[in-house]
Amino acid sequence: MGILDDLKQDKILIGDGAMGTLLHSYGSDWCFEELNLSHSDQIFNIHRAYIEAGANIIQTNTYAANYIKLERYGLQDQVKEINTAAVRLAKKAAGDHAYVVGTIGGIRGIKPHTITMDEIKRTFREQLYCLLSEDLDGILLETFYDLEELETVLSIARKETALPIIAQVSLEETGYMQNRTNITEAFTRLESQGADIIGINCRLGPYHMLSTLEEVPLPKQAYLSAYPNASLPSYVDGKLHYESDADYFKECARSFREQGIRLLGGCCGTTPAHIEAFSNELESVPPIKEKEVKKRQTPQAAVQSVDPGPPPLHEKIKKEQSIIVELDPPRKLDTTRYMEGAKALKDAGIDAITLADNSLASPRICNTAVGSIVKEQIGLRPLIHITCRDRNLIGLQSHIMGLHTLGIRDVLAVTGDPTKVGDFPGASSVYDVTSFELIKIIKQFNQGISLSGKELDQRTNFSVGAAFNPNVRYIDKAVERLEKKVECGADYFISQPVFSKEKLLEIHEAVKHLDVPIYIGIMPLTSSKNADFLHHEVPGIKLSSEVRERMAKYKDDRKRASQEGVDIAKSLLDTAIGLFNGIYLVTPFMRYSMTVELARYARDHHLNQSSRRLQNV
């Protein structure tokens with residue numbers, strides 16, 4: 001007899017509950033899977049507690065026992081040892097009283113993923129073989145947000161074993177996976193790939209999980225499973241707490257049966273008391289054979305923003321010269337001088353003012369607030385930098401929606417300087433995503449879909465810029481990063497400041513194959529000290545010896561040094577304008593008069609070039 005034999009005999013099986021919840025309650029805060037080795041008695045006792053509560057199926061403590069996740073703890077070389085110990089502990093606890101399934105958890109979560117499918121395949125095979133080398137009753141694939149990942153590993157598992165396979169997805173919204181695949185379609189695909197039991201686990205409590213199951217028909221060959229969380233969690237004293245009691249699970253047990261569930265267990269926050277409630281309520285209760293399926297209304301397609309705004313910068317730069325200027329928001333609350341500078345730059349004919357997001361990890365007035373004021377009061381287009389440093393996935397998405405609501409359409413997606421370089425080195429750097437992933441998120445908003453897959457009712461229309469650091473030893477490596485950012489959806493690039501004609505020529509040659517335009521960075525130096533600081537201490541900026549020597553000549557003459565900095569920048573513009581349509585001027589220390597002069601010079605230079613071309617024609 002086995003799991004499928006019991007199901008064919010019209011039994012409802014009861015799974016176990018959360019392992020991590022109980023380990024947390026015991027004070028464990030490290031790698032749970034390693035406890036199979038160092039605290040085997042704890043793991044054994046938890047298995048026994050769930051069996052005594054009525055679980056017919058228990059899972060091995062191997063959810064994250066794979067190379068990629070164990071690597072976080074330096075345990076990547078103990079994959080076999082940890083998985084083997086986990087199976088033997090579970091089997092010892094189960095005896096003849098429960099089935100044991102080997103658990104393999106999903107690797108890709110809700111965050112945009114950078115882990116390749118080849119890496120996932122290698123990692124999955126290693127863990128699968130470790131589990132299959134022991135005598136198991138089945139395999140449980142659980143908490144998969146990414147349907148592609150689950151289908152991939154399911155196909156591998158199905159070829160490697162005839163054991164029953166349970167395949168469970170985790171949803172981002174009632175009825176839908178994060179890529180907007182309807183749950184019914186997901187189940188159909190998993191059943192066709194050979195899953196014996198298909199279901200949902202984690203993220204949702206009973207209420208939302210039951211709402212999802214209402215639209216799921218009974219499978220033709222497979223069986224349905226559900227492992228709900230205890231409730232929505234609260235965060236107290238640095239730990240997640242689940243408030244749901246076991247009586248609520250008892251009330252929900254028959255509702256799960258009415259939706260056709262044949263394997264019912266628990267996920268985050270559940271305890272033996274929750275499993276006992278399920279077991280007591282469904283003991284000797286037969287499963288249903290037919291159900292009425294609730295049809296979900298098809299969501300309306302998102303419409304384009306009612307205010308598309310002016311043509312995006314990346315379209316303008318492809319047709320003609322475009323000049324943008326960075327003028328960082330003030331460090332202090334008085335914005336008078338800043339607004340004077342923004343007005344002067346607009347009068348100089350620039351196309352946009354770019355506002356960094358707390359550059360060098362030092363606090364400034366919010367760039368969105370300043371950009372919105374510049375847009376409304378001066379009529380100058382703001383280009384808002386968005387860093388990955390300061391906001392988690394929730395904050396980033398909220399920020400993107402806020403920019404759209406303010407009518408700001410131009411953004412630059414950047415990683416952001418780490419907090420260690422700024423005024424508050426003890427502050428946290430979030431970095432939930434990379435700049436590559438941030439670009440993908442913003443472009444997904446342009447499709448009217450949030451990161452979690454929810455419709456936004458409107459499609460944003462952001463023009464997404466990305467950063468380019470050409471000041472590296474091997475520029476081909478930097479260009480490879482550009483190519484990856486193009487694949488992610490970048491519309492154009494803005495480079496770090498360049499300080500030599502040779503580098504400008506090298507960049508032009510290296511990027512000429514790209515179909516994505518570039519704003520080349522030019523920044524006037526203000527003094528010899530400024531030049532040395534930029535060269536030695538600011539990431540991504542290198543100055544030539546010639547430039548530093550020119551600035552050193554006037555180290556005791558501030559006014560003449562500033563003019564020398566402008567002259568150097570003008571000579572660079574002479575070369576840059578012939579190579580690139582886009583010019584990006586960086587204003588040093590709020591000295592906007594320098595970038596005003598350079599913007600006018602660049603505009604006049606371009607007009608003179610155009611005039612000469614017309615005369616030649």
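Visitor: How many salt bridges does the structure hold?
Guide: This is a predicted model, so every value here is computed from it. Side chains of opposite charge can pair when their charged atoms come close. The count of salt bridges in this structure is 26.

Visitor: How many residues apart in sequence are the parts that D146 and R108 tie together?
Guide: The side chains of D146 and R108 meet in a salt bridge, at 3.3 Å from N to O. D146 lies in the loop between β4 and α8, and R108 in the loop between β3 and α7, so the pair ties together parts whose separation in sequence is 38 residues.

Visitor: Are D146 and R108 buried or exposed?
Guide: A residue is buried when its relative accessible area is under 20%. R108 and D146 also belong to a network of salt bridges with E148. Both D146 and R108 are buried.

Visitor: E281 forms a salt bridge with R254. Which of the two is partly exposed?
Guide: The closest N and O atoms of this pair are 3.0 Å apart. E281 has a relative accessible area of 18%, so E281 is buried. A value of 38% lies between the 20% and 50% cut-offs, so the partly exposed residue is R254.

Visitor: Which residue forms a salt bridge with D357?
Guide: D357 sits in the loop between β13 and α15. Its partner sits in the loop between β14 and α16, 34 residues apart from D357. The closest N and O atoms are 3.0 Å apart, and the partner is R391.

Visitor: Why does E191 have no salt bridge?
Guide: E191 is found in helix α9 and is buried. A salt bridge needs a side-chain nitrogen of Lys or Arg within 4 Å of a carboxyl oxygen of Asp or Glu.

Visitor: Which backbone nitrogen does the side chain of E191 reach at 3.0 Å?
Guide: The backbone nitrogen of K220 lies 3.3 Å from a polar atom of the E191 side chain. At 3.0 Å, the side chain reaches the backbone nitrogen of A222.

Visitor: Which are the edge strands of the open sheet?
Guide: The sheet has 8 strands, in the order β1-β10-β7-β6-β5-β4-β3-β2, with parallel pairing. Each edge strand pairs on one side only, and these strands are β1 and β2.

Visitor: What distance separates the C-alpha atoms of I275 and G15?
Guide: I275 is found in helix α12. At 0% relative accessibility, I275 counts as buried. G15 is 260 residues apart from I275 along the chain, yet their C-alpha atoms are separated by 7.5 Å.

Notes:
Residues numbered from 1 in each chain as written. Predicted model: local features only at pLDDT ≥ 70, side-chain atom pairs only at ≥ 80, totals over all residues. Heavy atoms only, no water. Helix = DSSP H or I, 4+ residues; strand = E, 2+ residues; numbered from the N terminus. Buried < 20%, exposed > 50% of the residue type's maximum accessible area, 1.4 Å probe, protein only. Lys, Arg positive; Asp, Glu negative; His and termini not counted. Polar contact = N/O pair within 3.5 Å; in protein donor to acceptor, adjacent residues only side chain to side chain. Pairing = 2+ DSSP bridges.
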